[in-house]
Amino acid sequence: MDLSTALRTERLVAIIRGREAEASFRTVMALVEAGLPLIEVSLSGKDALTVIRRARAELGDAAWLGAGTVLTAADARRAAEAGANLIVTPGLGAGLEESVRQGLPTLAGVMTPSEVIAADALGVSALKLFPASAGGPAYLRTLRAPFPELPFVPVGGVDAAAAQEYFAAGAVAVGVGSPLVGDAADGGDLDGLRKRAAEFRAVCAR
């Protein structure tokens with residue numbers, strides 16, 4: 001299954017940005033066990049590459065395991081070496097270009113029509129509308145008008161209620177951080193994480 005198909009099937013990318021590597025690893029595993037196989041581990045989190053490497057060794061090919069906040073070409077290379085099979089960027093730049101050059105599935109950060117055109121020209125897998133909260137579902141609906149066939153994934157301030165609105169506006173999936181993960185990646189409650197995962201799965205199944 002390619003990334004575009006996976007996004008349309010699962011409809012949710014879980015975003016982990018933890019202050020504790022061990023807790024972030026446990027969060028990855030808990031999310032996959034809860035039936036959320038599209039995971040992004042932000043490189044701005046503690047020892048993110050170690051988390052990705054450990055999770056890949058444990059999961060094999062059972063999940064999409066991504067590296068987020070990829071800014072530079074070196075970031076992209078290190079993420080690939082750690083076992084990431086998905087690269088997520090906050091915007092255009094060297095990190096995205098290197099990821100595409102390596103043939104890695106990419107979720108490219110965009111906000112404006114010009115950025116959408118540039119990212120699509122690179123051959124990215126999907127478009128991360130970021131920060132989505134700056135425009136909301138109405139902005140996504142407007143942005144899709146000239147790009148009706150392109151796959152948009154809103155990220156930033158997306159809770160369960162907003163996710164439903166973004167789907168109605170044409171998003172193929174949403175990226176969700178703290179409204180889903182909570183404090184789990186900082187050493188917090190995994191039971192609460194599992195409960196929220198079930199709630200988001202229900203939203204994405206509608």
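Strand β2 (residues 38-42) has five of its five residues buried, so it is largely enclosed by the rest of the structure. Here, buried means under 20% relative accessible area, with exposed being over 50% and partly exposed in between, using a 1.4 Å probe and protein chains only. Strands are DSSP runs of E with at least two residues, helices are runs of H or I with at least four, and both are numbered from the N terminus.

Before going on, a word on what you're looking at: this is a predicted model, where local features need pLDDT of at least 70, side-chain atom pairs count only at pLDDT 80 or more, and totals for chains, interfaces and linings use all residues. Residues are numbered from 1 along each chain as its sequence is written, and side-chain values use heavy atoms, with hydrogens and water left out.

Back to the strand. In a regular strand, side chains alternate between the two faces of the sheet. In β2, L38, E40 and S42 point one way while I39 and V41 point the other way, and all are buried.

Now for the neighbours. Strands count as paired if DSSP finds at least two bridges between them. β2 pairs with strand β1 (residues 12-16) in the parallel sense, over three bridges, and I15 stands opposite E40. To get from β1 to β2, the chain crosses through α2, in a right-handed β-α-β crossover. Right-handed means that, with the strands pointing away from the viewer, the path from the first strand over the helix to the second runs clockwise.

β2 also runs parallel to strand β3 (residues 64-68), joined to it by five bridges. In that pairing, L38 has W64 as its bridge partner. The chain goes from β2 to β3 through helix α3 (residues 48-59), and this β-α-β crossover is right-handed too.

The connecting helix α2 (residues 21-33) has a packing partner of its own: helix α10 (residues 190-204), at an angle of about 35° and with the axes 10 Å apart. Those axes are lines fitted to C-alpha atoms, for helices over the stretch in contact, and angles run from 0 to 180 degrees between N-to-C directions. R26, T27, A30 and L31 of α2 meet L190, L193, R194 and A197 of α10, where contact means heavy atoms within 4.5 Å.
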